[in-house]
Amino acid sequence: MTGAGNTKHQVAVEKTADLVAQLQAEISSTLTVVVDLVGRLEDLADTRQSVGLGFMTEQTKDLANKQTRADRAAARNLHPARAHVGLKFLNGAAVLGSGQVEAPVTMNPVSVVAEIHFAVFQHLRRLSRPALLRLLEHEQIGLEDHAICPWPRNPISTTALDVNETNLKVLADRLSNVVSSYRNRPNLQAILRDLEQLEERARDVIDGPSRTNHPDACPWCGRRTLVILHREFGRDVQVVRCEGTHACVCDHEFCDCHRNPTRNRHEWVNSGRAAHTWHALHNLQTARKETIRMETLALDAITRIRAMHQPFWIDGDGDSRTYYVLIGGDEIDQYAPDHVCIDIGTDACQVYDDEPASSLHSVPGCIECQVTHDNSGQPGNRLWPCATYRATQLETDSPDTRK
Ligand SMILES: [Zn+2]
Ligand SMILES: [Zn+2]
Ligand SMILES: [Zn+2]
Ligand SMILES: [Zn+2]
């Protein structure tokens with residue numbers, strides 16, 4: 001093997017070893033933090049600590065609401081499948097402890113403690129087997145001649161442990177111990193991620209949620225995707241960020257969002273000196289709301305104008321009727337080239353085949369414009385769609401003006 005290739009390989013191996021050592025150290029320190037947090041969570045079990053809703057996307061909120069409705073319906077026996085389920089006698093007033101009773105502890109901290117306990121135990125169980133095999137391998141190299149029984153291996157073996165009976169501190173120490181001789185980088189990363197997530201959940205209960213919804217829409221993309229971050233990577237922060245994978249583009253000329261609108265998210269920091277402050281965010285949101293209000297007003301006005309300039313009216317029987325104006329046969333091609341003659345009824349065209357120019361054709365007319373225009377003016381002023389109606393049509397129906 002050549003020297004260069006060997007060196008390269010050696011560098012790669014050392015780099016991986018560094019990363020593994022770093023991961024092992026991080027797992028060990030996160031475990032210490034989590035064990036410490038569990039102590040605080042256990043203190044909270046008998047208090048009235050409650051966790052706010054934290055952050056939820058609109059979809060999650062919908063799902064959570066749906067689930068809550070279903071749960072409550074079930075609790076009230078409204079669910080059809082449970083309406084006739086047995087043990088009805090248990091619901092009699094004489095039997096205590098049935099039906100809805102208040103939990104004897106505050107559920108949030110207790111449930112996170114249980115989750116942490118279970119996760120540490122699970123990781124320990126998963127890592128113990130390879131760790132034990134490695135230990136055996138080591139011993140066999142050293143003690144090939146001796147027939148030894150490998151069981152039990154107390155510092156590693158978990159087979160004797162019961163998740164309910166073992167102190168978390170003991171489990172965490174063992175996991176830390178096992179991790180220190182484990183080298184699979186992706187698996188170590190997964191364990192660290194899991195522990196960090198548990199740490200975050202514990203902090204959510206102790207310190208309050210790390211992220212909450214901002215009540216207003218993002219000023220740039222208009223979605224309800226603004227998140228208030230109270231804590232990030234274990235540190236206290238005060239940041240509002242438009243989160244998500246959708247494109248969110250602002251009108252600042254040099255903003256990174258123009259290069260990659262799905263990757264570069266907009267952030268507002270709660271500090272007077274920053275470029276994008278919460279105050280600036282508030283101003284943008286106010287401006288956006290005002291724009292929307294003006295747009296709505298304008299659209300309402302257009303809708304009212306369109307409703308006025310119509311050829312329809314309601315007769316005494318409540319039926320919708322069309323108002324017609326009469327156009328001479330000599331003018332029909334000019335003013336109503338698409339006209340189709342009406343053959344029957346009171347509004348039928350009077351067509352004279354031998355003298356088409358003298359015919360009178362019934363063409364829908366704008367009722368509003370009959371009133372406002374001089375009747376002696378050219379017939380084009382009185383037909384429908386009238387000029388006013390056509391103008392509003394351009395405003396609201398054309399695809400490129402409403403985007
Ligand atoms: Zn946005
Ligand atoms: Zn931007
Ligand atoms: Zn006609
Ligand atoms: Zn009109």
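The protein contains an open sheet of 4 strands in the order β1-β2-β3-β4, paired in antiparallel fashion. Strands (E, at least two residues) and helices (H or I, at least four) are DSSP runs numbered from the N terminus, and two strands pair if DSSP finds at least two bridges between them. This is a predicted model, in which local features need pLDDT of at least 70 and side-chain atom pairs count only at pLDDT 80 or more, while totals for chains, interfaces and linings use all residues. Residues are numbered from 1 along each chain as its sequence is written, and chains are lettered from A and ligands numbered from 1 in the order in which they are written.

**Exercise 1.** Work out where the buried residues of α4 lie around its axis.

*Solution.* 
- Step 1: Check the length: α4 has 12 residues and reaches 16 Å from its first C-alpha to its last, close to the 16 Å expected at 1.5 Å a residue (the expected span is 1.5 Å times one less than the number of residues).
- Step 2: List the buried residues, which are Leu171, Ala172, Arg174, Leu175, Val178 and Val179. A residue is buried if 20 or more other C-beta atoms lie within 10 Å of its own, exposed if 12 or fewer, and partly exposed in between; C-beta atoms are placed from the backbone.
- Step 3: Look down the axis of α4: the buried residues fall within an arc of 165°, so they line one face of the helix. The arc is that of the directions from the helix axis to the C-beta atoms.

**Exercise 2.** Contrast this with α6: how many of its 31 residues are buried?

*Solution.* 
- Step 1: Count: α6 is hardly covered, with 1 buried residue.

**Exercise 3.** Explore the surroundings of Val34.

*Solution.* 
- Step 1: Leave aside neighbours within four places in sequence; Val34 is then in contact (C-beta atoms, placed from the backbone, within 7 Å) with Ile116, Leu195, Leu198, Glu199 and Ala202.

Conventions
Two residues are in contact if their C-beta atoms, placed from the backbone, lie within 7 Å.
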